[in-house]
Amino acid sequence: MTTATLAPTRAGDTRAEDPRIGLAGTLRHVGALTRRNLMRIKADPESMFDAVLMPIVFTVLFVYVFGGAMSGNQDDYKQRLIPGLLGQTGMTLALAVGTGLNSDFQTGVMDRFRTLPIGRASVLLSKIVAETLRALISSAILLTFAFILGFELKTGVLELLAAVGLSLVFGMSIVWISMLLGMAMKSAQAVQGVSMLVLMPMQFGSSIFAPTETMPGWLQAFTKVNPLSALADAARGLLNGQGPIAHPVMVVLIWSAASTAIFAPLAVARFRKRT
Amino acid sequence: MTGIATAPNTRGTAGNAVEVHGMVKHFGTTKALDGVDLTVREGTVLALLGPNGAGKTTLVRILSTLIKPDAGTAFVGGYDVLRQPKQLRRTIGLTGQYASVDELLSGYENLYLIGRLLDLSSRGAKARAAELLERFSLTEAAKRPAKTYSGGMRRRLDLAASMIGRPQVLYLDEPTTGLDPRTRNEVWDEVQRMVAEGSTVLLTTQYMEEAEQLANELTVIDRGKVIANGGVAELKAKVGGQILQVRPAHPAELPEMARRLHESGITGATISPDDGLLAVPITGEEQLTTVIGVLGGRGFAIAGIDTKVPSLDEVFLAITGKPTADPATAPAIALVKEPVA
Ligand SMILES: Nc1ncnc2c1ncn2[C@@H]1O[C@H](COP(=O)(O)OP(=O)(O)OP(=O)(O)O)[C@@H](O)[C@H]1O
Ligand SMILES: [Mg+2]
């Protein structure tokens, strides 16, 4: 069965005549490429620093340095901060897709893939699968650490999973923007730099770290529309069992749909042109 | 799609693995390809010979579906480069001019990945990876990340990667540039094995010697145009065969040696006292034997002899009457040619 593609394909070989790859083939290709992405992480463990250390550093830094000042006591602040950090995980890691894509184009690896009979979406899908796994690991580390520090899940596992899921849904919609960055920039470092420039104001200009009421009016205007605020609010509602849930979840979903509707066609068109 | 008959224009001509008609490609104002026609018969090796910037890589990239031509048509394995890229990719293997291996993965993982992407079973991909690692002497380094490989090892890994699917048509863009002689021979052996197993090979090179070793046919291109085309023997005849270089034990005897050869009816010998070399153009084994016989018979002490294939530069000179446009391809050691009085 496997040798069919290897035999000379000139006449009568229906396998080569048929340009379609099929679902089974695509799954196999995405599987092989995902394995590659994971092997790359294994070979370069430092690339996991952001996923592993960021949640820990942020938690320690904010809970102990600013927590007391901001919420009066650290326990209240934990309950505020941890859901917010969980909410932004998807976006943080989605931004890494563009960096990976960029380095594949730069190193000629993409050229090799492009001469192989695989669907062009496979390379991309495998990146998304690997980043999703990274987001899950990052979320797990964040939660484990949070529980050790005394964070309380006031609802249930289902609500927790819903919060993680919402974060991933939003992350998916950011993947397209990351892809566009990855294809537009000249180097992986540049992609990473620009990603940070986008991420930082969005993180800190949101309700993740501090209540927005104390911010000046112009900043409040920004934090109100910032999807990371909605994500943090939704996650808080889901994990703490207090505050609205439906409204912020809707806002996040609308943002995700809008971002996907605008950027997915652009990213796919650009990707097709280059592959 | 399946009902297409084998006819020119839709599938190319039967018996041709690669067929290129009027290929044109511009990069801005640079005409990388300026109307190239070329065919490679099934089961043969064609060497595409040309200096830097001739358009070799551009042509290979078009035939691999990596870039699109501005004009012209091409068929590979009967598939149209522009209209049937997916089918075409099932029939080709490419080793590009620049490495395209994943540096973070080990040699083995690189090959295994490509095997899986070519729809080999997990076991099949493992076996094929191990086989090719062995053949390219990479077994010992198989588990190391490719970034720790030397240039030659990376090149071999790249070559192995292009052979995994036993492609019907194999493109090799300067496969041996930068390799040491032993490794180069190893690569040549593998290319010949692929041909014996039924593959067709299109290889680009700057070395006449490589073309002579591997190719049935030669196409010489310069500035995007084909300037010569034919069998290896045919073109060699045009260029004038090989050059025999003799290094006498006593360089002072050089003029005397040249005169003796001239007396024996062997013409064209040149000497370069600075290098201590006598150079004699020869067209066959008999002539070689005669020259050695004459020199040996006269009792000249010979310290070394060597035959050398004309360089790309000399081929160009013979074909076009002018040297290659790019001085970078000129032979590193030029023989000072002093006509013998
Ligand atoms: N992507 C590109 N953008 C602009 N110019 C290009 C590009 N690719 C090739 N060229 C130009 O097209 C011409 C042919 O290049 P090509 O790489 O095909 O030559 P080559 O025969 O492979 O040379 P070499 O022996 O140096 O590899 C050169 O003048 C080169 O500068
Ligand atoms: Mg080239």
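Student: Which domains does the domain assignment of chain B give?

Tutor: Domain 1 (2-236) and domain 2 (242-308); such bounds come from an automatic or database domain assignment. The C-alpha centres of domain 1 of chain B and domain 2 of chain B lie 40 Å apart. Before we go on, some ground rules: this is a predicted model, where local features need pLDDT of at least 70 and side-chain atom pairs count only at pLDDT 80 or more, while totals for chains, interfaces and linings use all residues. Residues are numbered from 1 along each chain as its sequence is written, chains are lettered from A and ligands numbered from 1 in the order in which they are written, and side-chain values use heavy atoms, with hydrogens and water left out.

Student: How many helices and strands are there in chain A?

Tutor: Helices (H or I, at least four residues) and strands (E, at least two) are DSSP runs, numbered from the N terminus. Chain A has 11 helices and 0 strands. Its C-alpha trace spans about 75 × 35 × 35 Å along the principal axes.

Student: What is the strand order in the open sheet of 6 strands?

Tutor: In chain B the order is 6-7-8-3-9-10, with mixed pairing. Strand 6 (92-95) and strand 10 (225-231) of chain B are the edge strands, each pairing on one side only. From one strand to the next, the twist averages 15°, with axes taken as lines fitted to C-alpha atoms (for helices over the stretch in contact) and angles running from 0 to 180 degrees between N-to-C directions.

Student: How do strand 9 and strand 10 of chain B pair?

Tutor: Strand 9 (residues 217-222) of chain B pairs with strand 10 of chain B in the antiparallel sense, over 6 bridges. Thr219(B) has Asn229(B) in strand 10 of chain B as its bridge partner. The two strands form a hairpin with 2 residues between them, and Arg223(B) in the turn has a positive phi of about 50°.

Student: Which strands make up the open sheet of 4 strands?

Tutor: The order is 2-1-4-5 in chain B, with antiparallel pairing. Strand 2 and strand 5 (79-80) of chain B each have a single partner strand, so one side of each has no neighbour in the sheet. Strand 4 (residues 71-76) of chain B is joined to strand 5 of chain B by 2 bridges, and Phe75(B) stands opposite Asp80(B) in strand 5 of chain B.

Student: Now for the ligand: how many residues surround ligand 1?

Tutor: A residue is near a molecule if one of its heavy atoms lies within 4 Å of it. For ligand 1 there are 14, and Gly53(B), Lys56(B), Thr57(B), Thr58(B) and Gln97(B) are the closest. Helix 1 of chain B gives the largest share of the shell, 3 residues.

Conventions: Two strands pair if DSSP finds at least two bridges between them.
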